[in-house]
Amino acid sequence: VKFKGGKLPSSIGGLIHLRFLSLYDAEVSHLPSSIGNLKLLLYLNLRVAIEEPVHVPNVLKEMLELRYLFLPLFMHDKTKLELGDLVNLEHLWCFSTQHSSVTDLLRMTKLRYLSVSLSERCTFETLSSSLRQLRNLETLYVGELDLDLNHLKELGLTVRMSKIPDQHQFPPHLEHISLFDCRMAEDPMPILERLLHLKSVKLRYDAFVGRRMVCSKDGFPQLRALEIYKQSELEEWIVEEGS
């Protein structure tokens, strides 16, 4: 849907009993402050189609019943969102430390899924300390790996790296891993196949830019699903007997 001037009408704030609102793929660049009236929302999806910065007023903090929150991929530089009171959140997509304080995550103890992008002023140590108390967190998408999160089950990485980190840097109970556009020159399989609890592996969009990949004997003892998608340089894939 398209709105005149990219502005969601302020009358949206009159739908005070609304539980579900999705603006997914809508052409919206400006949200009215009246959206804060929707205090009963359980699900709010702001993944709009616009690739320009979206104006988001600091009123989401009033939606205390929210379980699912999808923030825009791009927001205005001066946008500041206070989200620490959203203690019922279970799924938070595109949380940015540029627009919110990383300490807001401390109170979100019900979080099971988190996608986070880090600004230069937030260190990985600070992020790790904020997430360590989130014992229900199962899925994390972030631009780095060196995080002390032993309870994590699913991990997605989009960071550029020449080779995959050593297996001891991964959470010990990891079951699912997705690697996107990492452009690793070294074959990641010798490390991945030693992660004994892995059930699924996804390599997408030039996660690996080498020509030869080998899955060795006795590797991946619990693997159920392997996805290899758009690896443009891959020429040879060897799967040894017993892998």
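Residues are numbered from 1 along each chain as its sequence is written. In this predicted model, local features need pLDDT of at least 70, side-chain atom pairs count only at pLDDT 80 or more, and totals for chains, interfaces and linings use all residues, while side-chain values use heavy atoms, with hydrogens and water left out.

Student: Why is L226 called partly exposed?

Tutor: Buried means under 20% relative accessible area and exposed means over 50%, with partly exposed in between (1.4 Å probe, protein chains only). L226 has 33% relative accessibility, so L226 counts as partly exposed.

Student: What makes the nonpolar surface patch?

Tutor: L226, I228, W237 and V239 make this patch of about 330 Å².

Student: Which residues touch the most other members of the largest nonpolar core?

Tutor: They are L60, L92, L105, L114, L179 and L192, out of 69 residues. Strand β4 (residues 91-96) gives the most to this core, with four residues. Such a core is a set of buried Ala, Val, Leu, Ile, Met, Phe, Trp, Tyr and Cys residues joined through side-chain atoms within 4.5 Å.

Student: How many helices and strands does the protein chain have?

Tutor: The protein chain has two helices and 12 strands, where helices (H or I, at least four residues) and strands (E, at least two) are DSSP runs numbered from the N terminus.

Conventions. Patch = residues over 30% accessible without salt bridge, like charges linked within 9 Å, V, L, I, M, F, W, Y side chains within 5 Å. Areas by Shrake-Rupley, 256 points an atom, 1.4 Å probe, with all protein chains shown as cover. Salt bridge = Lys/Arg side-chain N within 4 Å of Asp/Glu carboxyl O.
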